[in-house]
Amino acid sequence: MKTKTIFHLFILLSSIFTITIQSQTKSYEKQIDSVLSLMTLEEKTGQLHQVSLYWATGPESPEGDKLRDIKEGRMGSVLNVKGSDKVRALQELALKSRLGIPLLFGLDVIHGYKTTFPIPLAESASWDIEAIELAARIAAIEASASGLNWTFAPMVDIARDARWGRIMEGAGEDTYLGSLIAAARVKGFQGKGFGSVDAVMACVKHYAAYGAAVGGRDYNSVDMSERTLREIYLPPFKAAAMAGAATFMNSFNDLNGVPASGSSFLMRKILKGEWNFNGFIVSDWASIREMIPHGFAEDDREAAKLALNAGSDMDMEGYCYRNNLKDLVEKGEVSLANLDDAVRRILRKKFEMGLFEDPFRFTDPIREEKALNNPEHRKAARDMARKSIVLIKNEADLLPLKKGQKIALIGPLAKSEDDMLGGWAVGWDDNSDVVSQFEGLEIRFGKENLLYAKGCGVSDSSKDGFEEAVKIANEAEVVILSIGESRSMNGEAASRSNLGIPGVQEDLVKAIMATGKPVVVLMNAGRPLVFNWVADNVPTILYTWWLGSEAGNAIADVISGDYNPSGKLTVSFPRNEGQIPIYYNHFNTGRPSLKDIPSKDFRTGYIDLKQSPKFPFGFGLSYTTFDYSDINISSDKLSKGGVVEVSLTVKNTGDFDGEEVVQLYIRDCVASLVRPMKELKDFKKIALKSGESKKVTFKIDEQKLAFYNEKLEWVTEPGKFDIMIGSSSADIRQQSVLYFE
Ligand code: NOJ
């Protein structure tokens, strides 16, 4: 009782001190020292313990009396709670503990909170960094008004394997673009910085290399050179750390035999050492305990010891820390210094978030009501959704549709609201405000112009609905077919070995195509699908992913021509599953394929498949066309510390206003190590009115030519570089040569 009084007096003084400190140095180390000095070993290990309440986002964990743990100061954070009232009740309980240290509340706010934005992979196809930051900002405004102070996002795993269900959560296959997006999302979530009431802590995940799980099988092993790790997989994490991310999350995979949750190399050497990260690392769901089935830890006691010593600060749903750390410290198997460091990191964030000052600052029901019903958020979600759509094909300029055309909307996803939310949507329990594709088209084209038939279910084997679908197709002037995956087919634990369109949907497309009506396909998916027949035979295809709350309106904007599609793929689409992994920034072999044909002439590739992807990285059409001309390089020589400018003119040569993503790729032609055929190094998204021209300029410095050499030094080697400007990775419009001296 005495301690508690002293502690509260201390907290009061420290909050006054905090305000002063915040505006000056933003250092809370003295206050943390004082709190640490008051804590028992049990309270310290409690800070490192996190459990899920209300629902689970992983397999069941050992049961404990969670509420009692909160009340006894044996818990630092909970996840899977939302709503200011629920958070307040739990925070009140935490304040009843001896020291009254407030809890952190975390949730997977991945692409929006109440207002659902497109899945992250879709958003990345916008190549619009500002819009992506805004999407994260809005998610944070809503989540923080609803009690939360921590989101388990952004997911920044580079993914080159479409079989992996979690490819939907990231920004695709490219390191440069992925790094920009990672930093933008961190900035969006954390807003003006901790201390502002609408900032939530970002959690960069899954650290590291989870996207390279063997065979695209979730949770699986990764065996990778340190060079590839540092050059391809780590930069988005580093960019997020440099953007000020508060926390990181371990990945489930082992990396070269060491489970990430027990990897001192990843956590202590790189993240906390080289990158000087002062936040904390949370495990993934039970990933510390899962080091037992990995065969890396004997039991949960050893798992706790390995993880803490390696630098994992908080144990999510593992109970390993809770049940073992005190004993481990008492027996000297975990040093008090390591334990204190982990506690310090967590307390630091609690101070920075202003929770000691006001533990209830995120639990204001009036603010919540307002934030969750803000029409501006819906507007931004619609804007983001239409920017995420990729026009794959538009033969005979079928799109945009003309006003008054009679449309038959057919397909299992046309009326779905639930699927539009995509995986990892916080609003999974309430899809009442989702605009379905049917609703969006009805609003835009009028009830009288819209016929509808489901045709079949997503995975059905029954073709009973085909007759009705063919009937309405015959009555219409144009057919829109909405097909693809259901949202449960991607995300965590949803890897697929077969990337085809499920069920009898392709047969439905064939039946409709046989009517001879013009057809537009909307492809709904959380990953690149393999849809060769559709791609080769249907004249018009829009890749619409999962677009969130405003899906229907955004699709109607594009179909009607109110918005000219500008999305470009951020992941290569394979021709079939056997071609995976396929990515644009691959090396050349000693026997490169010379033609894009199946090859049996002692050349690299397959004897039964073209070498190129079906749709390449950076590809996406527009209703208009863009002409690239007048490339000019300010010098063909670059020396240390210098800058060379590459400029060109882009002209909109079609009838529609539109946006183009102009892409800069570089190849190091000869180096001490084999280098990729091309690497994205910059891009500009520009808007051009019909007939308008704009000059685009890129700056190239030594950094854009650098790579990790064999000794893992970041170097630029003298020699020749190809400088390529393209409309996609496979559509290089202009090329020049640069020599680094
Ligand atoms: C497991 C997932 O891998 C991770 O991304 C997520 O944040 C946690 N569960 C919490 O739901």
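This is a predicted model: local features need pLDDT of at least 70, side-chain atom pairs count only at pLDDT 80 or more; totals for chains, interfaces and linings use all residues.
View 1. Local features here need pLDDT of at least 70 and side-chain atom pairs 80 or more, while totals for chains, interfaces and linings use all residues. Residue numbers start from 1 along each chain as its sequence is written, and side-chain values use heavy atoms, with hydrogens and water left out.

View 2. The side chain of D108 puts an N or O atom 2.5 Å from a ligand oxygen. For R166, a polar side-chain atom is 2.6 Å from an oxygen of the ligand, and for K205 the value is 2.8 Å. A polar contact here is a pair of N or O atoms within 3.5 Å. Taken alone, the ligand exposes 300 Å², and the protein buries 100% of that (Shrake-Rupley areas, 1.4 Å probe).

View 3. The strands run in the order 4-3-2-1-10, with parallel pairing; pairing takes at least two DSSP bridges, and a strand is a DSSP E run of at least two residues. Strand 4 (150–151) and strand 10 (315–316) are the edges, each pairing on one side only. Strand 1 (residues 49–52) and strand 2 (residues 77–79) share three bridges, and V51 has V78 as its bridge partner in strand 2.

**View 4. Around G446.** G446 is in the loop between helix 18 (437–445) and strand 13 (450–453); helices are DSSP H or I runs of at least four residues. Why does G446 count as buried? Its relative accessible area is 15%, and buried means under 20% (1.4 Å probe, protein chains only).

Notes
Buried means under 20% relative accessible area, exposed over 50%, partly exposed in between (1.4 Å probe, protein chains only). A polar contact is a pair of N or O atoms within 3.5 Å; within protein, one must be able to donate a hydrogen and the other to accept it, and residues adjacent in sequence count only if both atoms are side-chain atoms.
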